[in-house]
Amino acid sequence: MEVIIQKDAEAAAKLAAALIERALRAKPSLVLGLATGATMAPIYAHLARLHREQNLDFSLCRTFNLDEYVGIPPDDPHSFRSFMDRHLFDLVNIDKRNTHIPDGMATDFREECLHYERLIEECGGIDLQLLGIGVDGHIGFNEPLSSLLSRTREKALTPATIAQNAKYFPSPAQVPRRGITMGVGTILESRECLLVATGIEKAEIVAKAVEGPITSMVTASALQLHPRCRVIVDEAAASRLQGIEYYRWIFENEPEWTEFR
Ligand code: PGA
């Protein structure tokens, strides 16, 4: 893992967008794995601006989102599909037929999950997977105790996730209790992973995921097994990391980061 510390959430989002921009310009038909949540919104705002002002081209890009709520129709404003439309897809020149999100209204979830895995495979696998982290350590909806080899499937959400997402719903009772999510194993097959976490409320779980033991109790810790995983954090989310001085030194001294400093 490579940890990159930025001074605040805005700088973290800007750097994440710049890394996605670099990948997309290098490969216009990039297969991009996407995530939803408050951490992602400013990253997508930067990508939309790069499209508007610097012709960042999404016309050949294919996307796969990590997860979707069960029982929320795609056109419902609370669905992850609506989130993606609002924050990114409607703001760039992506062909919506190339944007994939699990169908939370599927009648046969087993078939839907197999279909999602097949689609990823048919596209040649995910080149770059963007990830957030839940306060319970989840990536996607891979809640604690998810198998670290798991594939796309339906999952019950934890009380911590339901509480974290309650702010988006009129009342906590309306937060869905289940989701469809790519598995940890599915995520680990991406060629590259980029996890972004900001804010003091993520500090403890980031330290566990990055520096703690690999455990299904913190599914993000499985990213330690990934050969190319970057973690972008702001100062607040980095504040419980033990190796903080070393991570700062890498960013300040490695030639790879010159253009981003
Ligand atoms: P957040 O969600 O960006 O809204 O904190 C992250 C996650 O739960 O994966």
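**Cavity, pocket and ligand site**

The largest cavity is lined by Met1, Ile133, Leu195, Val206, Ala209, Val210, Ala220, Leu223 and Val231. The model is a predicted one, in which local features need pLDDT of at least 70, side-chain atom pairs count only at pLDDT 80 or more, and totals for chains, interfaces and linings use all residues. Residues are numbered from 1 along each chain as its sequence is written, and side-chain values use heavy atoms, with hydrogens and water left out.

A cavity is a set of points, on a 1 Å grid over the protein atoms alone, where a 1.4 Å probe fits but cannot get out; a pocket is an open set with protein on both sides within 12 Å along at least five of seven lines, and lining residues have an atom within 4 Å of a point. The structure holds one cavity of 30 Å³ or more, and the volume of the largest cavity is about 40 Å³. Its lining comprises nine nonpolar, no polar and no charged residues. Helix H7 (residues 203-211) contributes the most to this lining, with three residues.

The largest pocket has a volume of about 660 Å³. Its lining contains 37 residues, of which Thr36, Gly37, Ala38, Gln164 and Tyr168 lie nearest the centre. Among the elements that give two or more residues to this lining are helix H1 (9-26), helix H2 (41-54) and strand E4 (67-69). By class, the pocket lining has 19 nonpolar, 13 polar and five charged residues.

Gln164 has a polar side-chain atom 3.1 Å from an oxygen atom of the ligand. The protein covers 88% of the 280 Å² of accessible area that the ligand has on its own, by the Shrake-Rupley method with a 1.4 Å probe.

Note on methods. Polar contact = N/O pair within 3.5 Å; in protein donor to acceptor, adjacent residues only side chain to side chain. Points joined across faces, edges and corners; volume = space filled by probe spheres on them. Helix = DSSP H or I, 4+ residues; strand = E, 2+ residues; numbered from the N terminus. Nonpolar A, V, L, I, M, F, W, Y, C, P; charged D, E, K, R; others polar.
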